Amino acid sequence: MDLVIATVSQGMLWALLAIGVYLTFRVLDIADLTVEGSFPLGAATAASMIVAGAHPLMAIVAACLAGMLAGVVTGFLCTKLKIPALLAGILTMIALYSVNLRIMGKANLPLLQQDTVFTLWNVGGLDKSMTTLVIGTVIVLVVALLNYWFFGTELGTAVRATGFNPHMIRANGINTDNMIVLGLLLSNGLVAISGALVAQSNGFADVGMGVGTIVIGLASVIIGEVLFGTRSFKNCLISVILGSIVYRAVIAIVLQMGMPPNDLKLFTAILVALALSLPLLQARWNKFRKGAH
Amino acid sequence: MLHIENISKTFNPGTITEKLALHNVSLHLAPGDFVTVIGGNGAGKSTLMNSIAGTYPVDEGSIMIDGTDITKWPEHKRAKYIGRVFQDPMMGTAAGMMIEENLAIAERRGLTPTLRWSSSADGREHFRKLLKGLDLGLEDRLESKVGLLSGGQRQALTLLMATMAQPKLLLLDEHTAALDPKTAEKVLALTEKIVAQQHLTTLMITHNMRDALKYGNRLIMMYEGHILFDVDSEKKKTLGIKDLLEMFEQAAGSELSSDSLLLS
C-alpha cells in the first residue's frame, strides 16, 4: 500500500513535466530539449530560495518564472534567430547547466530541516507520503484546470492551431512566432514547477537531476495517449497525467522485479523508442499478415 | 481596391536556380471585380498571389489595398484584409481541431486573440447557420475533427472560413485543382454564390480555361512572369477557348505549350 501511494504521488509530481512535454511535443509539434535544463532550473531556484528563507510556495512561483524565462530564450533562438527548434533547445539546456550551478553555488543543495510545501500543513494528521500525494494532486488539478481553460480561449486555440497548421493560422492573422514563444514559455514554466516539487519532495536539488527528463516526459505522454485516448484536448490532458502515474508504476514494478536502478534510463529509452515506432511496426505487421493470407 | 504597381520577384538570386518569377507586374482591381487568372506552369500566377498575401516579400514595387500600403507587412498582418483558399485542401484548416474551433479562429481573422473562451452557444448557433449554407450536412458535425472531412468538404469549409469575416480581397489559388470534377464544380458554384452575396473583390487562379471564362467579370493571362493580356467584362462574354488560345499565340509569339491548359 505504501508503495502504491508513493508511486501515485511521484506520478503526480512528475505529471507537470509530462504536461509541459505534451505542450511542446504534441501541441506545438516541437521536440523541446530545454526541459532537461528547466527541470533542474526549477529545482535549483526553489531549493536556493527555501534555503535563503523564502516561503516554499513563493519558491515554486519563482521556479515557474525562471522556467518560463528559459522557454522564452529557446523561443527567441528558434523564431527570431531561426535556429532549428531541436538545436535551440539543446543550446538553452547546456547554458542552463552553468546557470543552475550558479544559482545553487554547488552541484547539490540539500533541504535538510527546511520547510517544504509538503511539510507546511499537517493535513488531517496524514503521514509524509500521503501528504505528498494530497498536495501533489491538488497542484496538478489546479494546473490542469488552468491549462484546460487557457487552451480553450482564443489565444490558447491560436497556440494549438499553430502546432497543427502554421499556414492556416497565419492566413487568419496570427503571428506564429509569438505563439511558439508563448507555448515554450508555458511548457517550461510547468516543467520548472515539476522540478521544484520533486526537489522539495526528495529533500535536495541536484544539477544532474535533469538528465533524461525529456524521455520521461515523452514516455508519460505516449503511455497516456495509448492507454487513455486523445479524443479532445481535455482527454489528452487527463491521459498525460494518468500516463505519468502509469510510468511510475511501471518503473516501480521493474525495480521490484530486480532490475538494477542504474539501468532505468536505458529501460525508459527503449520503452519510448518502441512506443514511437509503434505505428510503423503496426503497419508493417498488418502488411505482413495480409501477405501471408 | 487592389493596386499593384510594378512588382518583381526573383527566387534564389545569384545561384544557378535563379528564377525570375514576376517581372514588373502591375494590376488594378476595382471593388467587386472577380478576376480569373490563367497561364501555364511557371507563368507566375501563384507567385503573384503569394506576393499579395505576403508569403514572401517582393523585391520591387508596391502593393496597396484600399489605399493602405501593405508591401512591407508580414503575412499574418495582411490577413486582416485578405481571405485565402489554397490549392492543397490540407492547408486551409487545422486537421486536428474541431470544425467549431476552426470556424471560431476564422471568425476573428485579423483580430488580436483575447483570453475569452473561444466557444459559446451563440457562436455555435451562428456556425450551424453558416454551415447549413454550404449544404454539405456539416451543420451537425461541429465537434468533428476537420481531418475526417473529404477534400471537397475541407475546401468548402476553408472558403467559408476565408469569407466569414468579410475580407477586402479574396485570393483563390487553384482551390479546386485537387478535387474531382464533380466536387470541383460544386465548390466553384459555392464560390460564385458567396462572392456575389458579399460583393467580394476576388482573384482566382485556375488551370481550367472553361472555368476561367465561365466565372468572374475579368480575365488575365500570365506568361513568363508578366501579364500577357487583360480581358474586360464585355469582351470576356464573347470569348471562347479557341479565341483565348489565339490571343495567347499573338501576344506571346509562340504556341501555348502547357498541355494542362489545353486539355482542361
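**Entry 1**

I then checked one residue pair: B:H3 has B:M64 in β4(B) as its bridge partner. As background, I noted that strands of a sheet pair through backbone hydrogen bonds, either parallel or antiparallel.

**Entry 1: positive phi in chain B**

I looked for residues other than glycine with a positive phi. B:N6 is one of them, with phi at about 50 degrees. I placed B:N6 in strand β1 (residues 2-11) of chain B. B:N6 counts as partly exposed because it has 13 C-beta neighbours inside 10 Å, which falls between the limits of 12 for exposed and 20 for buried.

I also noted B:E224, which is not a glycine and has a positive phi near 45 degrees. B:E224 sits in the loop between β9 (218-223) and β10 (226-231) of chain B. With 15 other C-beta atoms within 10 Å, B:E224 is partly exposed. For reference, most residues other than glycine have a negative phi.

**Entry 2: confidence**

I read a mean pLDDT of 91 for chain B, with 96% of its residues at 70 or more. Where in chain B is confidence lowest, and where is it highest? The lowest is helix α10 (residues 259-263) of chain B, at a mean of 48, and the highest is strand β7 (residues 169-173) of chain B, at 97. I kept in mind that where pLDDT is low, the predicted coordinates should not be read in detail. For the complex, the predictor gives an ipTM of 0.90 and a pTM of 0.92.

**Entry 3: chain A overall**

I counted eleven helices and two strands in chain A. Along the sequence, I wrote the pattern down as α-α-α-α-β-α-α-α-α-β-α-α-α. The C-alpha atoms of chain A fill a box of roughly 65 × 50 × 35 Å along the principal axes. The radius of gyration of chain A is 19 Å, which agrees with the value near 19 Å for a compact globule of 293 residues. Of the 293 residues of chain A, 52% count as buried. Taking contacts in chain A between residues at least 6 apart in sequence, I found that 78% join residues at least 24 apart.

**Entry 4: the core**

I looked up the largest nonpolar core, which has 162 residues. Among those with the most contacts inside it are A:A18, A:I19, A:Y22 and A:A196. Helix α8 (residues 176-202) of chain A gives the largest share of this core, 15 residues.

**Entry 5: where the chains meet**

I found 19 residues of chain A in contact with 27 residues of chain B. On the chain A side, the elements giving two or more residues are α6 (154-164) and α7 (166-171) of chain A. α6(A) gives the most, seven residues. By class, I listed this side of chain A as eight nonpolar, eight polar and three charged residues.

Technical notes
Residues are numbered from 1 along each chain as its sequence is written. Chains are lettered from A and ligands numbered from 1 in the order in which they are written. This is a predicted model: local features need pLDDT of at least 70, side-chain atom pairs count only at pLDDT 80 or more; totals for chains, interfaces and linings use all residues. A nonpolar core is a set of buried Ala, Val, Leu, Ile, Met, Phe, Trp, Tyr and Cys residues joined through C-beta atoms within 7 Å. Helices (H or I, at least four residues) and strands (E, at least two) are DSSP runs, numbered from the N terminus. Two residues are in contact if their C-beta atoms, placed from the backbone, lie within 7 Å. Ala, Val, Leu, Ile, Met, Phe, Trp, Tyr, Cys and Pro count as nonpolar, Asp, Glu, Lys and Arg as charged, and the others, Gly among them, as polar. pLDDT is the predictor's confidence in each residue, from 0 to 100. The radius of gyration is taken over C-alpha atoms; the globule rule is 2.2 Å times the number of residues to the power 0.38. Two strands pair if DSSP finds at least two bridges between them.
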